[in-house]
Amino acid sequence: MIRWFESRPKISWTLIILIAIGIFYISSLTFPAGVSASNFKPIVYHISAFFLLSLFLAIALTKGEKNYFIILAVAIAIIYAFTDELHQSLVPGRSSSFSDIMLDNVGITFSLLIYLISLELRK
């Protein structure tokens, strides 16, 4: 399945844009007071959203080649995680959290490890 996306970078870029828009939109929402910070859904959201964002970034930038563009994919995803938290801090009723950035980085790291392993297994 990853190879299919590698051979169709326009689809990968479209998904990257859609995921980024989705992250931005969700960061713009205000949630009711009393929602627990230890709720499992936000944890899954942060990890999975940034997992997908960084995976498609890696696919679109490297196109199946193990090269230095993977570092660019990591940098873009991490910068987007920071800007997402900055944006969220500007939304009334919301605040930024370093733990959210760390969860985003878990998703980024996990997706890139899986992608690098898949590249190695092809050899």
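Guide: Start with a term: a residue is exposed at over 50% relative accessible area, buried at under 20%, and partly exposed in between (1.4 Å probe, protein chains only). Met 1 is exposed, at 74%. The model is predicted, so local features need pLDDT of at least 70 and side-chain atom pairs 80 or more, while totals for chains, interfaces and linings use all residues. Residues count from 1 along each chain as its sequence is written, and side-chain values use heavy atoms, without hydrogens or water.

Met 1 sits in the segment before helix 1 (2-6). Helices are DSSP runs (H or I) of at least four residues, numbered from the N terminus.

Now look at Glu 6. Glu 6 is buried, at 9% relative accessibility. Its partner in a salt bridge is Arg 122, with the closest N and O atoms 2.7 Å apart. Glu 6 belongs to helix 1 and Arg 122 to helix 5 (residues 98-122), so the pair ties together parts 116 residues apart in sequence. Arg 122 is partly exposed, at 29%. A salt bridge puts a side-chain nitrogen of Lys or Arg within 4 Å of a carboxyl oxygen of Asp or Glu. A search of the whole structure finds 1 salt bridge.

Note on methods: Helices (H or I, at least four residues) and strands (E, at least two) are DSSP runs, numbered from the N terminus.
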